[in-house]
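Below are some notes for a colleague who has not looked at this structure before.

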Amino acid sequence: HRATHLWPLYSLSQLAAPRHPKIRLYNLEQVLSWESPFPVNDTRPVVYSVQYKYIVGEWHDVTVKSIGVNCTQITATECDFTAAGLSKGFLLRFNVTLRLRAELGELVSAWVTMPWFLHYRNVTVGPPKHIMVTPREGTLVIAVSPPFEVDTSEATFLYTVHYEEKPGMQQVKGPLQSNFILLDNLKPFRIYCLQVEAQLFWNTQRIIRPGQLSNTSCYETTADAYAKQQQVIGISVGTLLSLLLLAGACFFLVLKYGSVVKYLFRTPPSIPAQIEEYLKDPVQPILEALDKDISQKDDTWNSVSIISFPEKEREDVL
């Protein structure tokens with residue numbers, strides 16, 4: 001009864017095919033994804049199988065032996081051809097066509113074939129993997145690494161720097177094949193913001209794939225030789241002027257407050273020798289000797305004799 005019920009349901013279209021398949025090519029990633037078909041009245045899970053072929057040749061199942069991953073009769077709605085490593089997957093220079101179908105027991109859907117792709121032609125190139133910026137004298141030295149590794153006999157990367165003084169008009173340098181980029185003739189002590197783009201250049205077909213810009217980063221330049229010279233001269237002149245001002249101020253203070261300064265810096269009165277000796281050795285009887293010496297000086301006196309004559313004798317004498 002169940003079979004007679006399913007037969008009319010799948011007699012015409014069989015099993016519904018997977019919906020909205022799409023291939024993601026980002027750097028070295030190669031991922032095919034899709035959506036499940038409409039649900040069916042069956043408890044068994046729907047599985048999917050993926051096949052591939054190059055521009056000429058037969059269809060092949062995607063297996064561990066052929067590609068490095070298994071995408072035959074899987075329940076997932078995604079097949080990552082580079083899951084075993086970014087060095088795996090389809091060759092970057094070959095045209096590849098993919099198709100997939102849904103399977104439910106003995107029932108299978110129609111194959112869904114996708115347009116062919118060529119990695120070098122269709123890849124989305126991400127920003128450089130690493131960006132290192134070194135500010136120098138009026139310049140910015142930029143070192144970048146590629147978004148992913150390629151065979152340099154087949155393809156190379158070109159780098160473009162979008163930069164601007166903050167705030168200012170945006171400028172562009174590149175594309176350049178070198179991994180080292182020098183932004184010169186920049187103003188000293190200014191902030192510059194920049195983004196770097198890596199473009200993939202396919203040598204044989206001379207096709208350039210644009211890349212995504214890196215996040216914006218800002219850096220301040222250092223002084224160039226001329227600016228450093230001007231800075232040294234400015235510091236020297238400023239120091240000299242400061243010293244002259246200080247000397248002038250001191251001279252003015254000396255003229256105006258000379259007496260005060262002389263009073264402040266006068267020689268302090270000296271201590272008598274006897275007191276100085278007593279301060280050095282208080283045990284010695286210096287104070288008693290000093291007191292005795294003073295007493296002797298007080299007792300010393302000069303006598304004066306007054307001799308008077310009678311008036312008559314004085315006249316005789318005269």
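How many helices and strands does the protein chain have? The points below start there. The model is a predicted one.

1. Overall make-up. There are seven helices in the protein chain, along with 17 strands. The chain has 318 residues, and 30% of them count as buried.

2. Contacts and surface. Take the contacts between residues at least 6 apart in sequence: 60% of these join residues at least 24 apart. The accessible surface of the protein chain is about 21,800 Å². Carbon and sulfur atoms account for 58% of that surface.

3. Thr139. This residue belongs to strand E11, which covers residues 139-145. Is Thr139 buried or exposed? Its relative accessible area is 13%, and buried means under 20%, so Thr139 is buried. Beyond its neighbours within four places in sequence, Thr139 has contacts with Thr134, Thr221 and the residues Leu182, Leu183, Asp184, Asn185 and Leu186.

4. Aromatic pairs, with Tyr52 and Phe90. The structure contains eight aromatic pairs. In one of them, the ring centres of Tyr52 and Phe90 lie 5.2 Å apart and the planes meet at 55 degrees, so this pair is tilted. Distant parts of the chain are linked here: Tyr52 is in strand E3 (residues 47-54), while Phe90 is in the loop between strand E5 (78-80) and strand E6 (95-104). The two residues are 38 residues apart. Both Tyr52 and Phe90 are buried.

5. Phe148 and Phe157. Why does the pair of Phe148 and Phe157 count as edge-to-face? The planes of the two rings are at 85 degrees, and planes over 60 degrees apart count as edge-to-face. The ring centres of Phe148 and Phe157 are 5.2 Å apart. Phe148 is buried, at a relative accessible area of 4%. Phe157 is also buried, and its value is 6%.

6. The ring cluster. Which residues do ring pairs link into a cluster? They are Tyr52, Tyr54, Phe81, Phe90, Phe94 and Phe117. Tyr52 and Phe90, the tilted pair of point 4, are thus among the members of this cluster.

7. A charge over a ring. Arg99 has its charged end over the ring of Trp111. The distance from that charged end to the centre of the Trp111 ring is 4.2 Å.

Technical notes
Residues numbered from 1 in each chain as written. Predicted model: local features only at pLDDT ≥ 70, side-chain atom pairs only at ≥ 80, totals over all residues. Heavy atoms only, no water. Helix = DSSP H or I, 4+ residues; strand = E, 2+ residues; numbered from the N terminus. Buried < 20%, exposed > 50% of the residue type's maximum accessible area, 1.4 Å probe, protein only. Contact = heavy atoms within 4.5 Å. Areas by Shrake-Rupley, 256 points an atom, 1.4 Å probe, with all protein chains shown as cover. Phe/Tyr/Trp six-rings, centres within 6.5 Å; stacked < 30°, edge-to-face > 60°. Lys NZ or Arg CZ within 6 Å of the ring centre and 35° of its normal.
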